[in-house]
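Me: I am new to this protein and would like to learn how to read its model step by step. Please give me the general idea each time before turning to the case at hand.

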Amino acid sequence: MAQDIIKVDTNKAVQETMDALETTARKAGATIFARVDHAAGAEKVGMSIPANQLLIFGNPVLGTPAMEIDPRAGLYLPLKVQVYEDSEGQVWLAYEDPKETMKDLDDVDKSPVIEKMRGVLAKLTSKAAM
């Protein structure tokens, strides 16, 4: 749901923001699994969308405790952050609030690890936006 998505604005371009996010995530000890360029994908099929990239990353120190509580947490992990330009040219970092996405799992949303995930996502996106 849209209200579960947290958005952080930036004055930087999508590529620059995504580069900063990837660097910051690596420095924080995350494994980068993929960087998806949605705009490039659209171009390959003759379509066009504004700059739009997705970073998929994780750290077993955070993910494993959630999956110990409920293995279905793996449906929401690794974490993802999207960096995109909207129709007005504003660039955003966006991510799903893990507390909200995992609220239907067996007590995962009540675990301290969820607050750690929220903190990591807030810190990484804030730093990348600067």
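**Reading the model**

Me: Leaving aside its neighbours within four places in sequence, which residues is Pro78 in contact with?
Reply: Beyond the neighbours within four places in sequence, Pro78 is in contact with Phe33, Ile56, Phe57 and Gly58, where contact means heavy atoms within 4.5 Å. Before going on, please keep in mind that this is a predicted model, in which local features need pLDDT of at least 70 and side-chain atom pairs count only at pLDDT 80 or more, while totals for chains, interfaces and linings use all residues. Residues are numbered from 1 along each chain as its sequence is written, and side-chain values use heavy atoms, with hydrogens and water left out.

Me: Where is Pro78 found, and how far from Phe33 is its C-alpha atom?
Reply: Pro78 is found in the loop between α3 and β4, the helices (H or I, at least four residues) and strands (E, at least two) being DSSP runs numbered from the N terminus. Although Pro78 and Phe33 are 45 residues apart along the chain, their C-alpha atoms are separated by 8.3 Å. Pro78 is partly exposed, because its relative accessible area is 28%; buried means under 20%, exposed over 50% and partly exposed in between, with a 1.4 Å probe and protein chains only.

Me: What should I look for in the backbone angles?
Reply: Most residues other than glycine have a negative phi, and most peptide bonds are trans. Here, the peptide bond from Leu77 to Pro78 is cis, with omega near 0°. Asp107, a residue other than glycine, has a positive phi near 65°; Asp107 sits in the loop between α4 and α5 and counts as partly exposed because its relative accessibility is 46%. Gly29, which follows α1, also has a positive phi, near 95°.

Me: How do I read a helix, and which residues of α1 are buried?
Reply: The expected span is 1.5 Å times one less than the number of residues, so the 14 residues of α1 should span 20 Å, which agrees with the 20 Å between its end C-alpha atoms. The buried residues of α1 are Val14, Thr17, Met18, Leu21, Glu22, Thr24 and Ala25. They lie on the same side of α1, because they cover an arc of only 165° around the axis, taking the directions from the axis to the C-beta atoms. Among the elements that cover them are β1, β2, β3, β4, β5 and α5.

Me: Which residues of α3 are buried, and which exposed residues does the opposite face carry?
Reply: Leu62, Gly63 and Ala66 are buried in α3. These buried residues fall within an arc of 85° seen down the axis, so they line one face of α3, and what covers them includes α5. The face turned away from the buried side carries the exposed residues Pro60, Val61 and Glu68.

Me: Which residues lie closest to the centre of the second largest pocket?
Reply: Lys80, Val81, Ala94, Tyr95 and Glu96 are the closest to its centre, out of 15 lining residues. At least two residues of the lining of the second largest pocket come from each of β4, β5 and α4, and the largest share, 4 residues, comes from β4.

Conventions: On a 1 Å grid over the protein atoms alone, a cavity is a set of points where a 1.4 Å probe fits but cannot get out, and a pocket is an open set with protein on both sides within 12 Å along at least five of seven lines; lining residues have an atom within 4 Å of a point.
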